[in-house]
Amino acid sequence: MAIEKVKEYFRQFGMEDRVQEFDVSSATVELAAEALHCEPCRIAKTLSFQVNGEPILIVTAGDTKIDNPKYKAQFGTKAKMLSASEVESRIGHAVGGVCPFAINDGVAVYLDVSMKRFETVFPACGSSSSAIELTMDELERYSSFTAWIDVCKGWN
């Protein structure tokens with residue numbers, strides 16, 4: 001199970017006890033915000049795309065949407081999300097639990113600047129009922145991110 005992969009990943013840093021598991025679903029921004037008793041904007045949603053045939057992840061604040069012109073300027077192509085059936089095999093986590101930790105080799109991770117307005121955010125941890133609270137420094141460190149990018153709208 002993917003949550004076990006994520007816990008194992010965090011175990012090497014002595015952080016596995018920070019992974020939170022819920023009795024309720026946290027598969028959407030709204031459900032995660034309810035489970036965590038926080039504002040939806042502080043949920044770090046991880047979106048799966050394909051660029052030139054390769055899977056990528058973009059982690060954004062929960063109150064954003066992808067801005068197609070910004071995305072095209074960043075990646076040189078139209079935004080094409082992976083289908084739900086492709087996500088688990090290409091990324092390593094199923095829809096609802098996609099996160100930038102313990103993912104398949106070769107998946108580039110990008111962090112959107114929409115999250116920088118928060119001290120901490122809550123990404124999922126591989127299941128549809130999990131999360132971890134991380135600072136921006138921790139998100140950078142543990143996501144093995146490629147770059148900070150600006151591809152979202154609706155938050156500023």
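This is a predicted model: local features need pLDDT of at least 70, side-chain atom pairs count only at pLDDT 80 or more; totals for chains, interfaces and linings use all residues.

Analyst: Apart from neighbours within four places in sequence, I91 has contacts with S48, P55, I56, L57, L82, V98, I103, N104 and V107. I91 also belongs to the largest nonpolar core, which has 33 residues; together with F10, F101, M115 and I132, I91 touches the most other members. At least two residues of this core come from each of helix 1 (2–11), strand 3 (54–61), helix 4 (84–91), strand 5 (108–112) and helix 5 (136–143). The most, four residues, are given by helix 1. Another core, of 14 residues, lies apart from this one and includes I58, A108, I149 and C152. In soluble globular proteins, nonpolar side chains tend to be buried together.

Helix 2 (residues 29–36) shows how burial is arranged around a single helix axis. V29, A32, A33, A35 and L36 are its buried residues. They lie on the same side of helix 2, because they cover an arc of only 165° around the axis. On the other side of helix 2, E30 and E34 are exposed. The buried residues pack against four strands: strand 1 (20–21), strand 2 (43–51), strand 6 (120–123) and strand 7 (130–131).

At the start of helix 3, a side-chain oxygen of D67 comes within 3.0 Å of the backbone nitrogen of K70.

Methods: Residues are numbered from 1 along each chain as its sequence is written. Side-chain values use heavy atoms; hydrogens and water are left out. A polar contact is a pair of N or O atoms within 3.5 Å; within protein, one must be able to donate a hydrogen and the other to accept it, and residues adjacent in sequence count only if both atoms are side-chain atoms. A nonpolar core is a set of buried Ala, Val, Leu, Ile, Met, Phe, Trp, Tyr and Cys residues joined through side-chain atoms within 4.5 Å. Buried means under 20% relative accessible area, exposed over 50%, partly exposed in between (1.4 Å probe, protein chains only). Contact means heavy atoms within 4.5 Å. The arc is that of the directions from the helix axis to the C-beta atoms.
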